Each structure stands twice: as C-alpha cells, then as structure tokens.
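Keep the sequence at hand while reading.

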Amino acid sequence: MSSYDIKKERKDLYAPKADDFVVVDVPEMSFLMIDGHGDPNTSPAYREAVEALYTTSYGARSIAKTRLDRVHTVAPLEGLWTADDLSVFQTRDKSAWDWTMMIAQPDWITGDIVDEALAVASKKGLPALRLLRFEGYDEGRSVQILHRGSYDDEGPTLRRLHEEFLPAHGLRPSGRHHEIYLSDPRRTDSSALRTILRQPVVG
C-alpha cells in the first residue's frame, strides 16, 4: 500500500530547493483550520489549536486507511498570519498577531470523515475542537521562499520581499502571510529550522 505525502507530490509548494524568492500558483486545497490571536510561544489557545489539529488529522488518516484503503502522511503544520498593523511582523510583536493554524488534507478526506474523526477526538477533552473547521483555501498566485533558521530571524527576509522583490516585479500583496513549518521545533535546533514563507500576490 503506497502512502501519499504532499511534500513529495507537490515539491514545488512543500519542498522547494531554492533559497530565493520564486513565484508559484497554489491551487485550492482542503484544510482543517482553527483561528486565534496572540503570541504562539505563550498563548494556551495556540497550543490547544495545534493539538486539536493534529489529533483530528491523525484520526482522519486512520479512518481513511481503514475505510478507503488510502494511506497518507499527515501534512506539515501551516499558519496564516495577519495584524491590524503589519509592521508587528518585522518588529516581532507577537502579542498583536492574529493567526489561523491549519493542516492540509488529501482529496479523499471528506466532511463525513472529518466529522467522524472529530467525534472520536471529542472523547479526549480537547477545548479547541469546537473551533475547528474543514474548508477549502484558494491561495492562487504567490511568492515564496525557503527560510532557514529561527522564526525570529524572518524579519530581514520579509522586508526584502515587500520592499525589494515585489516592487521590482510589479507585484502587490493580496492576502495573509503564510508559513509552512517543515521542521519540528521541539526536536530541531532553531538555527536548523526550515520554514516556507509565502505571500499571495496580484499584479
């Protein structure tokens, strides 16, 4: 039984080799999502959201394996980030951040499978489950780069994106800043973290 892994099937979107900016076209995909606010390092809501997302994702994976004979690797955690004042991303004022944490699901994961996974997960008393939703996200044309190192060192790269690359190519931001976490921060030194930074654009 072969296993589907989005990092292998969509290397352009989830396993880029280039360490410089590249324009990509991101199709609509289905995600489990939870919205929240505040510093991800200290907010209980953030920790609870991530726990609920992973628990439900692994539950859906198990159901699909049993019922559909389809196996997949659970996709990496992703985050959409915004704030009333976008400068807080460069200054790293994390208390002012709004976020949507999410995990992509393969095409065969349906609403019924998610509902069943949620029913099983509800027995574990996870408070963020009530906030979880399953829906499509259509990002479209975007610019992305593979960032290596600490999350707190992203500022210069983001400045270069918004102040140099986008203006030079006649592009403008059109949606929320997007990050895809390819490394587990619990097991990886901050200097070795690999994070895709993505910005939807128009122009």
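D153 has a relative accessibility of 47% and so counts as partly exposed; the term covers the range between buried (under 20% relative accessible area) and exposed (over 50%), computed with a 1.4 Å probe on protein chains only. The model is a predicted one, in which local features need pLDDT of at least 70 and side-chain atom pairs count only at pLDDT 80 or more, while totals for chains, interfaces and linings use all residues. Residues are numbered from 1 along each chain as its sequence is written, and side-chain values use heavy atoms, with hydrogens and water left out.

D153 sits in the loop between strand 8 (140-148) and helix 6 (155-168). Helices (H or I, at least four residues) and strands (E, at least two) are DSSP runs, numbered from the N terminus. Along the chain, D153 and S191 are 38 residues apart, yet 9.5 Å separates their C-alpha atoms.

Helix 6 also holds F165. Is F165 buried or exposed? Its relative accessible area is 15%, so F165 is buried. Leaving out residues up to four places away in sequence, F165 touches F21, V143, R160 and L171, where contact means heavy atoms within 4.5 Å. From F165 to V22 the C-alpha distance is 9.9 Å, across 143 residues of sequence.

Next come the cores. A nonpolar core is a set of buried Ala, Val, Leu, Ile, Met, Phe, Trp, Tyr and Cys residues joined through side-chain atoms within 4.5 Å. The largest one has 46 residues, of which Y14, F31, L53, L77 and M101 touch the most other members. Among the elements that give two or more residues to this core are helix 2 (11-14), strand 3 (29-37) and helix 5. Helix 3 gives the most, with 8 residues. A second, separate core has 10 residues, including I145, L158, L161 and V201.

Two packed helices are described by the angle between their axes and the distance between the axes. The axes of helix 3 (residues 44-68) and helix 5 (residues 111-121) come within 8 Å and cross at roughly 120°. Axes are lines fitted to C-alpha atoms, for helices over the stretch in contact, and angles run from 0 to 180 degrees between N-to-C directions. Helix 3 and helix 5 are therefore oblique to each other, the class left over after roughly parallel (under 35 degrees), roughly antiparallel (over 145) and roughly perpendicular (65 to 115).

D69 is not a glycine, yet has a positive phi of about 60°.
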